Amino acid sequence: MWLIDSSIGRKLVMSITGTFLVLFLLFHSIMNLVVIISPEGYNAICEFLGANWYALVATSILASGFVIHILYALYLTFQNMRARGAERYAVKNNQKGVSWSSQNMLVLGAIVLGFLVLHMYNFWFKMQFVELTGIHTGDFHPADGAAYVQQLFSNWVYCVVYIVWLAALWLHLTHGIWSALQSLGLNNKTWLPRVKVIANVISTIVVLMFMAVPVYYLLGCGSGC
Amino acid sequence: MDKTINLTLKVWRQAGPKAKGKFETYKIDNVSTDSSFLEMMDVLNEQLVAERKEPVAFDHDCREGICGMCSMYINGHPHGPDGEITTCQLHMRNFNDGQTITIEPWRSAAFPIIKDLMVDRGAYDKIIQAGGYVNVNTGGVPDGNAIPIGKDIADEAMDAASCIGCGACAAACKNGSAMLFVAAKVSQLALLPQGKVEGAHRAKAMVAKMDELGFGNCTNTGACEAECPKNVSISHIARLNREFLVAKFQD
Ligand code: HEM
Ligand code: SF4
Ligand code: FES
């Protein structure tokens, strides 16, 4: 199977799952903004994305996207370390134009994954999981997303933790988005600087939209201002 | 009068492919800043021979930046700290009096060390043999005045063709990937009418060979382009990806 055996095939899988996750993040971050504008509207979305068959199908596709992306990331990185060889250079200098993120995608991905597990516990476990199993794990009604958001971010530690997470995500995406286009062959000499700008713009928009929620609650605006 | 400098060299010494290597430190005095890096290495070797020590083995041939043999990793950079040149084109005026210079061989699993600073870059030849050519068809002589492609495309092909197969791209890459080299070799032909015909087969065969020889997966860091003595652009890698993916989807 060339999607596993060939290096460019593996990169194709990496870039497609990566792009899919970016599109999901765009959707998710726009959805989050609703909680600032209207908590009722946000809860309507939570209701809609509860334990319905379509939300479950979407959740499983999303989960498999993550799983494939992570498995390929581990496989690629393992192969690359082997290709580098056992002996390392004694002196290693950074080349100009090589971003730190591009050389540390696995580390950044692992940070993103670590917080993702926390995030699943914070929200999914108390919402969709409850609706699925009927076991009540949180303090509020499982579709009352706004209440959960407010509860979590009333604790400043969580706000800071989420902001650190988003910083790692930003670094992962600033390289990931243009890299995915390059892997798909959608790039050339003229577009090379442009796709890098596009990647920075998209990652900044996504991360700012995500950040708006914890910052909003951190500034104390969530409890009526 | 020539300006001269005194240097300390830390050179990787390894008796053979399987032997364990280590750094040896040598002092070398009165190096002319007008000499090239390889001339400085020649002086070092004369000094070693005079001391009845084994000279340092290193690869070189043309000494004018066209053969791609002079593989040395100098102070953390393939072909040294100066940009867009090979080791043989590197001048000693890039270094300061009293400086320590660390000289290592290319380190990449697909380029095994033969001795000291010499590595076996045969893997690149094998990739070329897998498809980096155009089958010759004899036939009528084409019209000398016909212009089958535009100047911009011809320039792009020429930029790719400037690759000398030196191996600095794989040596610089944290993933040990040969993508810049393969991309240059695929692009220089894929852009031209003669090469287009066999384009799909070439991309598949060369990539398959590259993977088989144990080169890594490209993660688009761009270290190769920064270190390439011929400044081959990573936009050729996008073309290689395109050529390969289109060929695979046509199957
Ligand atoms: C929301 C989550 C994530 C998004 C949106 C995302 C997105 C991306 C994108 C677009 C790429 C570029 C693909 C390419 O170069 O072709 C990429 C690469 C990568 N990702 Fe992720 N990723 C996410 C999570 C993760 C996680 C959890 C891990 C690992 C534990 C991870 C590890 C990697 C690695 C190692 C690469 C580099 C692979 C390569 O360039 O060959 N990512 N990611
Ligand atoms: S692409 Fe550049 S660095 Fe790589 S082999 Fe060719 S000339 Fe050397
Ligand atoms: S010796 Fe030929 S390129 Fe340096």
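Which residue in β5(B) stands opposite Leu9(B)?

Modeller: Ile101(B) stands opposite Leu9(B). First, the conventions. This is a predicted model, where local features need pLDDT of at least 70, side-chain atom pairs count only at pLDDT 80 or more, and totals for chains, interfaces and linings use all residues. Residues are numbered from 1 along each chain as its sequence is written, chains are lettered from A and ligands numbered from 1 in the order in which they are written, and side-chain values use heavy atoms, without hydrogens or water.

Now the strand, β1 of chain B, residues 4-13. Strands are DSSP runs of E, at least two residues long, and helices are runs of H or I, at least four, numbered from the N terminus. Seven of the 10 residues in β1(B) are buried, so the rest of the structure largely encloses this strand. Buried means under 20% relative accessible area, with a 1.4 Å probe and protein chains only.

β1(B) has pairings to β2(B) and β5(B). Pairing requires at least two DSSP bridges. With β2(B), residues 22-32, the run is antiparallel and has nine bridges. There, Arg13(B) stands opposite Lys22(B). With β5(B), residues 100-104, the run is parallel and has four bridges. The Leu9(B) and Ile101(B) pair belongs to this second pairing.

Note on methods:
Buried means under 20% relative accessible area, exposed over 50%, partly exposed in between (1.4 Å probe, protein chains only).
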